[in-house]
Amino acid sequence: MGISTSMKNTSLHIFRDPLLDLIDNDSDIDLLGVVVVGTSEHNEWKTFLATRLGRWIESLRPDGVIITLDMAGNQHIDFTNAIAEFVKSDIPAVGLTIMGADGLV
């Protein structure tokens with residue numbers, strides 16, 4: 001859902017994300033791209049997806065990674081597994097988790 005929180009799960013938000021825009025316009029950062037990864041209900045798939053993401057990012061040879069999550073709960077397994085894969089490849093990673101209060105008006 002982009003790298004900042006959004007109440008709407010739309011591709012428009014992903015590509016017009018205010019934090020992504022800020023990063024893209026920073027002359028000190030060479031933005032390679034944005035990867036959107038879903039989450040699975042099964043732990044075996046969570047590990048598989050994190051491993052595949054780690055190898056994919058490793059092949060890009062980035063200087064660092066920003067990984068974000070705007071949900072709570074079981075998705076944090078995916079989040080931490082992905083960070084662990086980046087660490088295995090000596091890729092510096094920064095994690096950003098944005099959790100809103102569900103059900104509040």
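**Core and surface of a predicted model**

Student: Which residues make up the largest nonpolar core?

Tutor: Nine residues do: Leu53, Ile57, Val65, Ile67, Leu69, Phe79, Ala82, Phe86 and Ile91. Bear in mind that this is a predicted model.

Student: And which elements give two or more residues to this core?

Tutor: Helix H3 (43-60), strand S1 (65-69) and helix H4 (75-88).

Student: What does leucine 69 touch, leaving out residues up to four places away in sequence?

Tutor: Leucine 69 touches Gln75, His76, Phe79, Leu96, Thr97 and Ile98. Of these contacts, Phe79 is also listed in the core.

Student: Where is valine 35?

Tutor: In the loop between helix H2 (18-24) and H3.

Student: How many helices and strands does the chain have?

Tutor: Four helices and two strands, running α-α-α-β-α-β from the N terminus.

Student: Where is confidence lowest, and where highest?

Tutor: Lowest in helix H1 (residues 11-15), with a mean of 65, and highest in H3, at 92. The chain averages a pLDDT of 80, and 75% of the residues score at least 70.

Student: What share of the residues is buried?

Tutor: Buried residues are 27% of the 105 in the chain. The chain exposes about 7600 Å², with 56% of that supplied by carbon and sulfur atoms.

Notes: Residues numbered from 1 in each chain as written. Predicted model: local features only at pLDDT ≥ 70, side-chain atom pairs only at ≥ 80, totals over all residues. Heavy atoms only, no water. Core = buried A, V, L, I, M, F, W, Y, C linked by side-chain atoms within 4.5 Å. Buried < 20%, exposed > 50% of the residue type's maximum accessible area, 1.4 Å probe, protein only. Contact = heavy atoms within 4.5 Å. pLDDT = per-residue confidence, 0-100. Areas by Shrake-Rupley, 256 points an atom, 1.4 Å probe, with all protein chains shown as cover.
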